[in-house]
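Let's walk through this model together, starting with a single residue and ending where the chains meet.

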Protein chains: 2
Amino acid sequence: MRDAFHEDLDTISDQLVEMTRLAGSAMSRATTALLDADLKLAESVIEADKELDRLREDLDALSIDLLARQQPVATDLRMVVTGMRMSADLERMGDLARHVAKVARLRYPDSAVPADVRATILQMGQVAERIVAKCGQVIAAKDVEDAKTLERDDDAMDELHRTLFGHLIDGSWKHGTEAAVDMTLVGRYYERFADHAVSVAHRVVYLVTGEWDVAEDHEEQEDRASELR
Amino acid sequence: MRDAFHEDLDTISDQLVEMTRLAGSAMSRATTALLDADLKLAESVIEADKELDRLREDLDALSIDLLARQQPVATDLRMVVTGMRMSADLERMGDLARHVAKVARLRYPDSAVPADVRATILQMGQVAERIVAKCGQVIAAKDVEDAKTLERDDDAMDELHRTLFGHLIDGSWKHGTEAAVDMTLVGRYYERFADHAVSVAHRVVYLVTGEWDVAEDHEEQEDRASELR
């Protein structure tokens, strides 16, 4: 049997997995709302984000309570602090899904996505969904090798981001600046969503191995993405 | 005389103030680099961001060490955890300044900023500088009233953001989509910079009053800003 402290840690882990599920569902539905100009779906995503915010608050309260009651040191302390950071990443991923949904709502009854970038946006949504689902598996199984495969998904996201931005600036864009502004922001939201997912996976690696050598790579990755244009 | 724990807390507070100074300097120089197409200055901002990253790591290490050694509870515990969150915000503000500098570098020897939005970008830079300077004062003095004035600066940033986006989409934009993409992202970087500064100030209010009723307002604020377009 596990002691009270480790039972609380299990609760934290379960809640983090639940947060990945909610963030994934939010981004999946936001993508559909954006592509189909579905106002009701967009509004449900915006509304549902409160649940992720609440989960994060609960998790923070539990973590602080755990620190006060159990006064963990060493690895145990690191686990609690890292869990709080993971919940911050996941809550932010929910915000980014909400931002995508808000673009859908803003342009309703039109779709914000011109026909020639629909396939790219659809794929960005699919990669986002895949990366956050893996994120949940990584947290649940604490599998370091699995965590590393998220990098490949993030590379796929960067490639899609490059495609989208390339199309925006190659001189063939026929949809005016309002659509260009929308697609610039939406592209950034998907990219940041994937960045936060990678950050969560890195934190699992850190918990398991105690090494945080990936942190700087990740920052450089974001920079590379921002230079793709 | 203060005890060892409170001396450590003072060190944390001093380091947070130093981080506001560095983030402010970075955004101020990034704005100049962007407006003047100054490659050297842009590169110095990009390089200097490592210092902010290092400060954050130091501060995190000190905080975790403090939690392990002193096992604080109640308000003391809250202070340490909140300090870690503030350092995360401030480090992110440094990243955003670096992103602005990278746009400057990407477009060099041209300026990324068309003449008709120069004044708006200059003002966004000035508001960013002001808001982060106030942030430092708020941390140093733990002044709740002062913290509230940051909201007004953030409103000013929203107003500038609205002006910028309005110009991008009102049909008068003559600079093509590449410049539109640049200005959309740069506008978002300044807006997020101010959001994080407000978040830091809210955390100070939370430390002093124990009340976190401002958190949701802040989220709604970001949403309002994203709807300004």
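Predicted model: local features only at pLDDT ≥ 70, side-chain atom pairs only at ≥ 80, totals over all residues.

Is B:Cys135 buried or exposed? B:Cys135 counts as buried because its relative accessibility is 1%, where buried means under 20% relative accessible area, exposed over 50% and partly exposed in between (1.4 Å probe, protein chains only). A:Cys135, at 1%, is likewise buried.

Residues are numbered from 1 along each chain as its sequence is written, chains are lettered from A in the order in which they are written, and side-chain values use heavy atoms, with hydrogens and water left out.

Now look at B:Lys134, which is partly exposed with a relative accessible area of 21%. Beyond its neighbours within four places in sequence, B:Lys134 is in contact (heavy atoms within 4.5 Å) with B:Thr149, B:Leu150 and B:Asp153.

Finally, turn to the interface, where 46 residues of chain B are in contact with 46 residues of chain A. The rule finds 2 salt bridges across it, each a side-chain nitrogen of Lys or Arg within 4 Å of a carboxyl oxygen of Asp or Glu. One salt bridge joins the side chains of A:Asp60 and B:Arg85, at 2.7 Å from N to O.
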